[in-house]
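Here is a quick briefing to read with the model open beside you. Take it topic by topic and find each spot as you go.

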Amino acid sequence: MVNYLDLQAQYHGIKDEIQEALNRVLDSSQYVLGKEVASFEEDFASYCQVEHCVAVNSGTSALHLALLAAGIGQGDEVITVPNTFVATVAAILYTGATPVLVDINPESLNIDVTKIENAITDRTKAILPVHLFGQTADMDPILTLAKKYDLFMIEDAAQAHGAEYKNRRAGSIGDFGCFSFYPGKNLGAYGEGGALVTNNQEFAHKARVLRDWGAEEKYHHKYPGYNYRMDGFQGAVLGVKLRYLEKWIEARRACANKYNHLLKEIGIKTPIELTHNRHVYHIYAIRVSNRDDLQKYLKENSIYTGIHYPIPVHLQPAYANMGYKEGDFPVAEAIAKELLSLPLYAELPEEDIESVVNAINEFQN
Ligand SMILES: *Cc1c(COP(=O)(O)O)cnc(C)c1O
């Protein structure tokens with residue numbers, strides 16, 4: 001059997017440190033925010049090569065707060081992509097702003113930078129690229145447009161902790177970087193979690209205040225805020241796990257290399273890592289025309305895969321009122337039918353990679 005993901009394997013390697021960290025929270029009773037969260041914020045800011053980190057209760061909250069800190073709301077437009085987890089688009093809608101979608105580049109699977117300018121209007125306030133699967137979008141052309149039209153740039157780095165674009169860390173390139181620590185993400189909490197990073201002191205302060213009911217002083221509410229605080233336990237877990245992140249990323253990259261090598265030999269289209277990028281392989285997705293049959297065959301052979309994502313956001317019933325229709329984003333729609341995410345995690349044994357590739361080869365023959 002090859003599982004898609006094995007969170008137990010990772011836990012076994014760090015069990016003692018995790019339990020010590022959880023005990024520190026119990027001994028201090030700092031269950032919400034507190035010292036463990038503050039110390040993680042400091043470490044994660046430095047890991048992302050930025051000045052400020054605001055820890056929150058999910059990646060969705062991080063996106064929502066980044067948009068609010070930028071002053072985005074009703075009447076504004078924010079440019080993003082249709083091939084993402086719905087949270088990217090939902091966070092824009094939470095503010096009252098309108099998501100404007102742009103199709104993706106078929107190689108990188110990230111926003112097609114040649115199509116952005118056409119989507120910019122007088123109401124556009126921000127570009128929100130998603131670093132899909134752990135590879136950053138092509139940031140320099142996006143930064144040029146953001147400067148030209150005076151737009152904010154908010155990175156959805158929920159899948160891209162530690163990814164790099166021309167030696168710059170994901171999250172440090174735009175005005176804001178938004179991360180998720182959902183358990184299955186490359187840096188995962190033991191529950192929900194997220195963070196926003198920025199170099200702007202004022203934005204960091206605004207986000208910090210909004211995550212805690214908009215109060216700069218307890219019970220004195222300056223802004224209508226939210227309960228988006230991170231738990232003490234999650235801060236403690238993340239503080240331990242951050243120390244291993246680089247090692248885990250290198251292990252993921254080694255798995256991806258092994259897959260690339262073996263899959264090329266059997267003629268499968270592997271993910272494209274652009275030369276100036278450091279891809280962190282949150283997801284390793286191959287592109288095949290008979291995807292559903294292949295997934296079924298692998299499952300019959302006890303190999304578990306994923307699909308990210310089977311339906312682009314603009315074709316989801318929940319978001320039908322955005323007014324898009326089938327055919328609006330041909331590249332995103334095509335890949336939704338063809339991508340298959342193979343098992344990949346830092347501890348994945350080499351033999352398992354070989355079994356997966358052998359099974360794909362058998363299916364083809
Ligand atoms: C996981 C994810 C989110 C949302 O993060 P949560 O912590 O689940 O709220 C947002 N965007 C992308 C691209 C994601 O993968």
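This is a predicted model: local features need pLDDT of at least 70, side-chain atom pairs count only at pLDDT 80 or more; totals for chains, interfaces and linings use all residues.

Helices (H or I, at least four residues) and strands (E, at least two) are DSSP runs, numbered from the N terminus. Residues are numbered from 1 along each chain as its sequence is written, and side-chain values use heavy atoms, with hydrogens and water left out.

- Is Gln19 buried, partly exposed or exposed? Gln19 counts as partly exposed because its relative accessibility is 37% (buried is under 20% relative accessible area, exposed is over 50%, and partly exposed is in between, using a 1.4 Å probe and protein chains only).
- The side chains of Gln19 and Tyr11 make a polar contact at 2.9 Å. A polar contact is a pair of N or O atoms within 3.5 Å; within protein, one must be able to donate a hydrogen and the other to accept it, and residues adjacent in sequence count only if both atoms are side-chain atoms.

**Around the ligand**

- Which residues come nearest to the ligand? Out of 15 residues around the ligand, they are Gly59, Thr60, Asp156, Ser180 and Lys185 (near means that one of a residue's heavy atoms lies within 4 Å).
- By class, that shell has five nonpolar, eight polar and two charged residues. Here Ala, Val, Leu, Ile, Met, Phe, Trp, Tyr, Cys and Pro count as nonpolar, Asp, Glu, Lys and Arg as charged, and the others, Gly among them, as polar.
- Helix H3 (59-69) and helix H4 (87-94) each give at least two residues to the shell.
- Thr60 has a polar side-chain atom 2.5 Å from an oxygen atom of the ligand, and Ser180 has one 2.6 Å from a ligand oxygen atom.
- For Asp156, an N or O atom in the side chain is 2.8 Å from a nitrogen atom of the ligand.
- On its own the ligand has 380 Å² of accessible area, and the protein covers 93% of that (areas come from the Shrake-Rupley method with a 1.4 Å probe; for residues, only the protein chains shown count as cover).

**A look at helix H3**

- H3 is mostly covered, with ten of its eleven residues buried.
- Among the buried ones are Gly59, Ser61, His64 and Ala69.
- Ser58 caps the N-terminal end of H3, with a side-chain oxygen 3.3 Å from the backbone nitrogen of Thr60.
- After H3 comes Gly71, which has a positive phi near 80 degrees.

- Phe133 is not a glycine, yet its phi is positive, near 65 degrees. You'll find Phe133 in the loop between strand S4 (124-127) and helix H6 (139-149), and it counts as buried because its relative accessibility is 4%.
- Tyr219 isn't a glycine either, and its phi is positive at about 70 degrees. Tyr219 sits in the loop between strand S10 (215-217) and strand S11 (220-221), and at 68% relative accessibility it counts as exposed.
- His308 and Tyr309 are joined by a cis peptide bond, with omega about 0 degrees. Tyr309 is in the loop between helix H10 (291-300) and helix H11 (330-338).
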